[in-house]
Amino acid sequence: MNTDTPPSRCRIVLIVPPSVPPLAVEAALGGGDVASLILTAEGVDEASFQGFAEKVAATARDAGVAVVVAGDTRIAGRIHADGIHVEGRREELADAIERHQDRLMVGTGGAKTRDDALELGEERPDYMFFGRFGYDNKPEPHPRNLSLGEWWAEMIEIPCIVMGGSDIASVEAVAATGAEFVALSAAVFGDGVDPRDAVARANAMLDETAPSFEER
């Protein structure tokens, strides 16, 4: 669920591949504040991804949570998503923004250096993502993502999302950078993890340790 007044600190974005059962997504959204979901195709065919996305989007709408589709603008349109995530060359991002930003949020990622990030940022996406989908296989966030997130949050007005690790406690390291959002996937949807409990614990940690944006 989402609270009526979102917290003024780093918030959670859930990265959801088709391997995650829709019921697990529903459970996760019952654990507390989640800003949005980013749905990734992770190698499945278009029809399978669309079927998955439709189910998850319906659950997210009921919970008042935004849905972003990665890499497929057609499916984003078909399921009435709130946004699209585009990775690739600056020209691809510019085209997506020109075509879709009047009705959809358009975010981007894939930058591995400050120069890469600044080049993409010149197109004014709605957010910058630091990390790679599916690579949250270590307990802690990748140091490069933390470094880029801290630099970006300090210097640039466009919000950023930093990929957390496979341990829920990784939200604290991301929040300490000043990033607006921490992305979680394995930490919430991994084997043996209770998604609802994981999101609740992540929010509790953020409530306790994340810097307040009101004090900026």
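A crossing of two helices is left-handed if the near helix is turned anticlockwise from the far one by less than a right angle, and right-handed if clockwise. I kept that at hand for this predicted model, where local features need pLDDT of at least 70, side-chain atom pairs count only at pLDDT 80 or more, and totals for chains, interfaces and linings use all residues. Residues are numbered from 1 along each chain as its sequence is written, and side-chain values use heavy atoms, with hydrogens and water left out.

**Barrel.** I looked up the strands (DSSP runs of E, at least two residues; helices are H or I, at least four, and both are numbered from the N terminus). A closed barrel of 8 strands runs β1-β2-β3-β4-β5-β6-β7-β8 with parallel pairing, where pairing takes at least two DSSP bridges. Neighbouring strands are turned by 25° against each other on average, direction ignored.

**One pair.** I then checked β2 (residues 36–39) and β3 (residues 66–70), which pair in the parallel sense over 4 bridges. Ser36 has Ala66 in β3 as its bridge partner.

**Helix on sheet.** I found α6 packing on the sheet, in touch with β6 (127–130) and β7 (160–163); contact means heavy atoms within 4.5 Å. The direction of α6 makes about 165° with that of β7 (axes are lines fitted to C-alpha atoms, for helices over the stretch in contact, and angles run from 0 to 180 degrees between N-to-C directions).

**Helix on helix.** I turned to α5 (residues 114–121) and α6 (residues 143–155), which pack at about 45° with axes 11 Å apart. Their crossing is right-handed. From α5, Arg114, Ala117, Leu118 and Gly121 meet Leu148, Trp151 and Trp152 of α6.
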